[in-house]
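Take a look at the sequence and model first, then read on.

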Amino acid sequence: MSTGTTDRDLICRVEQFYYREARLLDERCFQQWLALLDPSIEYLVPSRHVPMPDPGARDTEAFLAVERELGRRGPDASPLRHDRFLQLAMRAMRPFKVTAWAESPPPRTRRMITNVEVEPLNQSDYRVYSNFHLFFSQGGADNHSYVGCRRDVLRDVEGQFRIVNREVITDWDIITGPTMALLF
């Protein structure tokens, strides 16, 4: 990516998109958040594990690669979440149901999005890397922080970004939070 004005404009547009997305989720505007998703979205939260060292990769960056820790797909994979648009829509609409006891009282969240990097893939798609810190508090119980990174593909559709793909990688060794059903 060059360092011209267009690139700075693109990065600013992507950052503003992410800040708006975070605000919509924190303000519980889930229906508006759904409008930011492409109907073909794939939303993945892989589990993390400690892999056995690969002696053949010693002295290379592959030896320490985060990719080796992620359980994504395949017979041995067990992602924490693997959703498409329909599942995300059901999750977003759940808090509106009177029988959603886990959502009463509604949790308080605050998302911080940082370290945004944008890589053009083609004329309309962009790979975007970002870090997040999500604060979670509900019903007088302990407060929790979720920290990690996101790897997204955004598509520019008539001047508006849509999330086509999101992979959320948490930094926890052990999941100690009350839920992984949050929208990162």
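The notes below go through salt bridges in this predicted model, grouped by topic.

In total, 14 salt bridges are counted here. Side chains of opposite charge can pair when their charged atoms come close.

**Helix to strand: Asp26 and Arg111**
- Aspartate 26 and arginine 111 form a salt bridge, with 2.5 Å between the closest N and O atoms.
- Aspartate 26 sits in helix α1 (residues 5–26) and arginine 111 in strand β5 (residues 108–120), so this pair ties together parts 85 residues apart in sequence.
- Both aspartate 26 and arginine 111 are buried.

**Strand to strand: Asp125 and Arg155**
- In the salt bridge between arginine 155 and aspartate 125, the closest N and O atoms are 2.7 Å apart.
- Arginine 155 belongs to strand β7 (residues 144–157) and aspartate 125 to strand β6 (residues 125–137), so the contact ties together parts that are 30 residues apart in sequence.
- Arginine 155 is partly exposed, at 25% relative accessibility, whereas aspartate 125 is buried, with a relative accessible area of 9%.

**Strand to strand: Arg151 and Glu167**
- A salt bridge also joins the side chains of arginine 151 and glutamate 167, at 3.8 Å from N to O.
- This pair links distant parts of the chain, with arginine 151 in strand β7 and glutamate 167 in strand β8 (residues 160–170), 16 residues apart.
- Glutamate 167 has a relative accessible area of 8%, so it counts as buried.

Methods: Residues are numbered from 1 along each chain as its sequence is written. This is a predicted model: local features need pLDDT of at least 70, side-chain atom pairs count only at pLDDT 80 or more; totals for chains, interfaces and linings use all residues. Side-chain values use heavy atoms; hydrogens and water are left out. A salt bridge is a side-chain nitrogen of Lys or Arg within 4 Å of a carboxyl oxygen of Asp or Glu. Helices (H or I, at least four residues) and strands (E, at least two) are DSSP runs, numbered from the N terminus. Buried means under 20% relative accessible area, exposed over 50%, partly exposed in between (1.4 Å probe, protein chains only).
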